[in-house]
Amino acid sequence: MNMIKLGNTDLSVSTLCLGCLYFLARETREDSFRRLDQYLDAGGNFLDTANMYSHWINETTRGGESETLIGEWLKARNSRSKVVIASKVGFPYPGVPYGTSARQIREECDKSLKRMGVDHIDLYYAHSDDRTTPMEETLGAFNDLILEGKIGHIGASNFSSWRLERARQTSRANGWAEYCCVQQRYSYLRPKAGWDFGEQVAANDDLLEYVKDTGISLLAYSPLLYGTYTDRTKTVMEQYQGPDSDARLKVLDEVASEAGATRNQVVYYWLMNAEPNAIPLVASTTDEQFAEALGAMNLRLTDEQMKRLTEAKA
Ligand SMILES: NC(=O)c1ccc[n+]([C@@H]2O[C@H](COP(=O)([O-])OP(=O)(O)OC[C@H]3O[C@@H](n4cnc5c(N)ncnc54)[C@H](OP(=O)(O)O)[C@@H]3O)[C@@H](O)[C@H]2O)c1
């Protein structure tokens with residue numbers, strides 16, 4: 001698997017990140033272990049989890065399942081040194097309120113370290129932009145954890161670009177660590193103007209320019225729009241339906257056909273190779289889906305095909 005530097009850090013991460021959201025919640029222990037093994041075997045090193053994954057799956061899940069599973073796997077495979085672990089704090093789950101107050105960050109970081117059985121989280125995200133806590137408090141707390149060696153770098157998720165810039169200025173003014181990456185809802189299809197995803201924030205043109213300008217990394221969550229590009233039993237979310245998506249799907253199909261690839265593979269490839277490039281978070285339920293994702297690494301599209309994909313619009 002290809003490797004890339006994460007933002008302006010010294011971390012080298014694979015260009016496909018493994019989304020671990022469903023581990024030990026929707027996916028069994030056996031299936032979760034197998035996916036982690038397959039990912040490592042394919043050369044991947046970048047795991048994405050969060051403290052609250054995935055409390056909403058059923059009546060027995062309380063949050064922390066994904067981190068617990070990762071901890072069990074790290075121990076069973078003795079693989080801590082082979083992976084870069086990203087976790088998050090900020091969204092609520094049973095017994096834990098919303099937010100990134102200093103206290104919450106410290107308490108949740110300790111819980112995440114314990115669940116995973118590690119003494120260091122390589123990348124720690126603010127999962128959401130908590131506007132009820134002063135930015136100085138959140139960034140100061142993250143910086144303290146870095147100085148204590150509990151976390152390596154910090155990232156932001158579900159932030160608007162002006163808030164990212166405000167955070168960068170706050171960090172610089174105080175000599176604190178800066179967010180090295182942003183994780184946003186991002187795929188090939190673009191949400192319609194005025195879209196709403198609740199707590200989730202999608203990448204828009206403004207954010208893409210911000211990423212290019214600052215050199216922070218962009219991570220793309222929900223890159224396959226839950227499988228709707230190829231799974232005919234599913235419908236594309238309402239926020240994405242319209243003439244712009246119709247035009248982009250037409251070009252996506254043309255390029256996929258020319259390249260002998262699937263729509264999903266072209267979507268992953270486009271995300272990884274467009275300007276700015278993004279790191280897609282891969283979440284496969286079946287081995288076939290995972291093999292399809294890995295197949296995107298072997299694709300080669302021409303500059304003309306990439307241009308056509310990028311410029312397609314209604
Ligand atoms: N920062 C945030 O706020 C945030 C939010 C959401 C997710 N995330 C992260 O992003 C990761 C990925 O998010 P996501 O699950 O929403 O991603 P996604 O790629 O949009 O959806 C994954 C789902 O699509 C289906 N799928 C996967 N590969 C497929 C294939 N090759 N063909 C057909 N269907 C396929 C599967 O559903 P079926 O089982 O129905 O087939 C799978 O559960 C998560 O694991 C998590 O780490 C972060």
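Biologist: Which share of the contacts with a separation of 6 or more joins residues 24 or more positions apart?
Modeller: That comes to 76% of those contacts in the protein. Keep in mind that this is a predicted model.

Biologist: Thanks. How many helices and strands are there?
Modeller: The protein has 10 helices and 10 strands. Its radius of gyration is 19 Å, close to the 20 Å that the globule rule gives for 314 residues, so the protein is as compact as a globular protein of that length.

Biologist: And what does the C-alpha trace span along its principal axes?
Modeller: About 50 × 45 × 35 Å. As for burial, 48% of the 314 residues are buried.

Biologist: Let's talk strands. Which of them run in the closed barrel?
Modeller: Eight strands form the closed barrel, in the order S3-S4-S5-S6-S7-S8-S9-S10, and the pairing is parallel. On average, neighbouring strands of this sheet are turned by 30° against each other, ignoring direction.

Biologist: Can we zoom in on S4 and S5? How many bridges do they pair over?
Modeller: Three bridges, in the parallel sense, between S4 (residues 46-48) and S5 (residues 84-89). Within that pairing, Leu-47 stands opposite Ile-85 in S5.

Biologist: Switching to helix H4: which of its residues are buried?
Modeller: Thr-138, Leu-139, Ala-141, Phe-142 and Leu-145. Looking down the axis of H4, these buried residues fall within an arc of 155°, so they line one face of the helix.

Biologist: What covers them?
Modeller: The cover includes helix H3 (102-116) and helix H5 (161-174), along with strands S6 (121-126) and S7 (151-157).

Biologist: How far apart are the end C-alpha atoms of H4?
Modeller: They are 18 Å apart. H4 has 13 residues (135-147), and at 1.5 Å a residue these should span 18 Å, so the two values agree. Just after H4, Gly-149 takes a positive phi of about 80°.

Biologist: One more spot, Ala-247. Where is it?
Modeller: Ala-247 is in helix H7, which covers residues 243-259.

Biologist: Why does Ala-247 count as partly exposed?
Modeller: Because Ala-247 has 14 C-beta neighbours inside 10 Å, while a residue needs 20 or more to be buried and 12 or fewer to be exposed.

Biologist: What does Ala-247 touch, leaving out residues up to four places away in sequence?
Modeller: Ala-247 touches Ala-312, Lys-313 and Ala-314.

Methods:
Residues numbered from 1 in each chain as written. Predicted model: local features only at pLDDT ≥ 70, side-chain atom pairs only at ≥ 80, totals over all residues. Helix = DSSP H or I, 4+ residues; strand = E, 2+ residues; numbered from the N terminus. Rg over C-alpha atoms; globule rule 2.2 N^0.38 Å. Contact = placed C-beta atoms within 7 Å. Expected span 1.5 Å × (residues − 1). Arc of directions from axis to C-beta. Pairing = 2+ DSSP bridges. Axes fitted to C-alpha atoms, helices over the stretch in contact; angles between N-to-C directions.
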